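The sequence and structure are shown first.

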Amino acid sequence: MTTFDASGHRHFSPVDSSAQERAARLRQLGLGDKAEAEFDAFAQRVAQALGVPNAMVNFITDTHQYLGGLFTRVAAMDDPNADHDPRSAPMETGYCPHVIARRMALVLEDVCDYPRFAGNDVVDKMNVRSYLGAPLIDRSGLALGTVCVIDSEPRPWGREGLNAIKSLAGEGVELLHRRERELQG
């Protein structure tokens with residue numbers, strides 16, 4: 001189920017029945033509220049693999065999104081002097097909450113081609129024209145976050161892009177499992 005604002009135009013995040021369990025799992029792993037060097041490095045590798053300027057590892061709690069991993073060539077996205085944490089976003093911003101609720105990859109070659117996504121805040125605030133993301137589903141069966149890329153130009157991701165982001169999500173899940181082993185250590 002999804003909701004709209006009073007004008008019926010803005011598409012809010014889909015209802016997510018696993019939010020509380022996911023938030024508890026992220027707390028258990030110590031994720032979702034600070035930058036993580038290993039996930040920043042992974043995001044850089046994702047950007048390079050897909051040839052894009054921006055890649056993220058986005059952990060979705062029950063109240064907000066947090067970019068635990070971020071690589072960008074746009075300095076404003078990771079500005080330490082910003083009056084708010086540029087890695088934190090409300091649930092209705094962006095496309096990752098949809099990936100989490102669907103538990104499936106999302107391919108938007110040009111977000112403007114999709115009325116339900118074209119009005120999202122990130123289109124104007126971050127000049128997002130294309131998005132490619134896949135869920136990070138760990139051994140618990142919960143989708144804890146996403147690995148995603150964005151660009152300011154439309155991109156013909158095709159099946160090759162879809163397969164690449166799904167494969168990279170598998171590598172991201174391995175980072176989660178390694179972190180869990182280290183915590184149990």
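## Cysteines

A disulfide is taken here as a pair of cysteine sulfur atoms within 2.5 Å. The model is predicted, and by this rule it holds zero disulfides. Cys148 is in no disulfide: the nearest cysteine sulfur belongs to Cys96 and lies 3.6 Å away.

Cys148 is buried, with a relative accessible area of 2%. Cys112 is partly exposed, at a relative accessible area of 42%.

## The sheet

Strands of a sheet pair through backbone hydrogen bonds, in either the parallel or the antiparallel sense. In this model six strands form an open sheet in the order 3-2-1-6-5-4, and the pairing is antiparallel. Strand 3 (88-90) and strand 4 are the edge strands, each of them pairing on one side only. From one strand to the next, the twist averages 25 degrees.

## Strand 5 and its neighbours

Strand 5 (residues 130-137) has seven of its eight residues buried, so the rest of the structure largely encloses this strand. On one side, strand 5 pairs with strand 4 (residues 106-108) in the antiparallel sense over three bridges. Leu108 has Tyr131 of strand 5 as its bridge partner.

Strand 5 also pairs with strand 6 (residues 143-151), again antiparallel, over eight bridges. Here the bridge partner of Tyr131 is Ile150 in strand 6, and Ser130 stands opposite Asp151. Five residues lie between the strands of this hairpin, in which Gly141 takes a positive phi near 90 degrees.

## Helices on the sheet

How do helix 2 and helix 6 pack, and at what angle? Helix 2 (residues 37-50) and helix 6 (residues 158-184) pack at about 165 degrees, with their axes 11 Å apart. An angle over 145 degrees counts as roughly antiparallel, and the two helices are therefore roughly antiparallel to each other. Their crossing is right-handed. Residues of helix 2 in this contact include Phe39, Phe42 and Val46, while those of helix 6 include Ile165, Leu168 and Leu175.

Strand 5 and strand 6 are paired over eight bridges. Helix 2 packs on the sheet and touches strand 1 (54-60), strand 2 (64-72), strand 5 and strand 6, its direction making about 60 degrees with that of strand 2. Helix 6 packs on the sheet as well, touching strand 1, strand 4, strand 5 and strand 6, and its direction makes about 40 degrees with that of strand 5.

Notes
Residues numbered from 1 in each chain as written. Predicted model: local features only at pLDDT ≥ 70, side-chain atom pairs only at ≥ 80, totals over all residues. Heavy atoms only, no water. Buried < 20%, exposed > 50% of the residue type's maximum accessible area, 1.4 Å probe, protein only. Helix = DSSP H or I, 4+ residues; strand = E, 2+ residues; numbered from the N terminus. Pairing = 2+ DSSP bridges. Axes fitted to C-alpha atoms, helices over the stretch in contact; angles between N-to-C directions. Parallel < 35°, antiparallel > 145°, perpendicular 65-115°, else oblique. Left-handed = near helix turned anticlockwise from the far one by under 90°. Contact = heavy atoms within 4.5 Å.
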